[in-house]
Amino acid sequence: MLRRARGLLLRFIRRRRLALAVGLLLAVPALWIELGESGDAWWLSGVALVMGATGLALIWTGLTGVPPDFVDPDERG
């Protein structure tokens, strides 16, 4: 089950536009919650922090792409 979830996540982040869109969907509300003047529940700040960090990671992956898993030592410069 865990291997399937990992494979699903890896296939998801290989699609750069989708990763970028989902990252924005997570980061924008998190930023709004963190910077807003709301006196909501204490746990909401923690959820917003996790959403924002995940969103920024997906945005970064969407912009830069995923590095290769293996680099052949003979092909290095």
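User: Before we get going, what counts as exposed here?
Analyst: Exposed means over 50% relative accessible area, buried means under 20%, and partly exposed lies in between. Please keep in mind throughout that this is a predicted model.

User: OK, so where does Leu56 sit, and is it buried or exposed?
Analyst: Leu56 is placed in helix 3, and because its relative accessible area is 55%, over the 50% limit, Leu56 is exposed. Between the C-alpha atoms of Leu56 and Ala41, which are 15 residues apart in sequence, the distance in space is 23 Å.

User: And Ala57, how does that one come out?
Analyst: Ala57 also has its place in helix 3, but with a relative accessibility of 43% it counts as partly exposed.

User: What does the side chain of Thr61 reach?
Analyst: The Thr61 side chain reaches the backbone oxygen of Ala57, at 2.9 Å. Thr61 belongs to helix 3, which covers residues 42-64, and since its relative accessibility is 18%, under the 20% limit, Thr61 counts as buried.

User: Which other residues of helix 3 are buried, and what do they pack against?
Analyst: Besides Thr61, the buried residues of helix 3 are Ala48, Gly52, Gly55, Leu58, Ile59 and Gly62, and the buried residues of this helix pack against helix 1 and helix 2.

User: How far does helix 3 reach from end to end?
Analyst: With 23 residues, helix 3 reaches 34 Å from its first C-alpha to its last, which is close to the 33 Å expected at 1.5 Å a residue.

User: What comes just after helix 3?
Analyst: Just after helix 3 comes Gly65, which takes a positive phi of about 85°.

User: Switching topic: how do helix 1 and helix 2 pack?
Analyst: Helix 1, made of residues 2-14, packs with helix 2, made of residues 16-35, at an angle of about 95°, and their axes are 5 Å apart. That angle makes helix 1 roughly perpendicular to helix 2, because angles of 65 to 115 degrees count as roughly perpendicular.

User: Which residues make that contact?
Analyst: On the side of helix 1 the contact is made by Phe12, Ile13 and Arg14, while helix 2 contributes Arg16, Leu18, Ala19 and Val22.

User: What about Leu10, where is it and how accessible?
Analyst: Leu10 lies in helix 1, and with a relative accessible area of 37% Leu10 is partly exposed. The C-alpha atoms of Leu10 and Val66 are separated by 9.4 Å, with the two residues 56 residues apart along the chain.

User: Last one, Val28: buried or exposed?
Analyst: Val28, which has its place in helix 2, counts as exposed at 52% relative accessibility. The C-alpha atoms of Val28 and Trp43 are separated by 18 Å, the two residues being 15 residues apart along the chain.

Definitions and conventions: Residues numbered from 1 in each chain as written. Predicted model: local features only at pLDDT ≥ 70, side-chain atom pairs only at ≥ 80, totals over all residues. Heavy atoms only, no water. Axes fitted to C-alpha atoms, helices over the stretch in contact; angles between N-to-C directions. Helix = DSSP H or I, 4+ residues; strand = E, 2+ residues; numbered from the N terminus. Parallel < 35°, antiparallel > 145°, perpendicular 65-115°, else oblique. Contact = heavy atoms within 4.5 Å. Buried < 20%, exposed > 50% of the residue type's maximum accessible area, 1.4 Å probe, protein only. Polar contact = N/O pair within 3.5 Å; in protein donor to acceptor, adjacent residues only side chain to side chain. Expected span 1.5 Å × (residues − 1).
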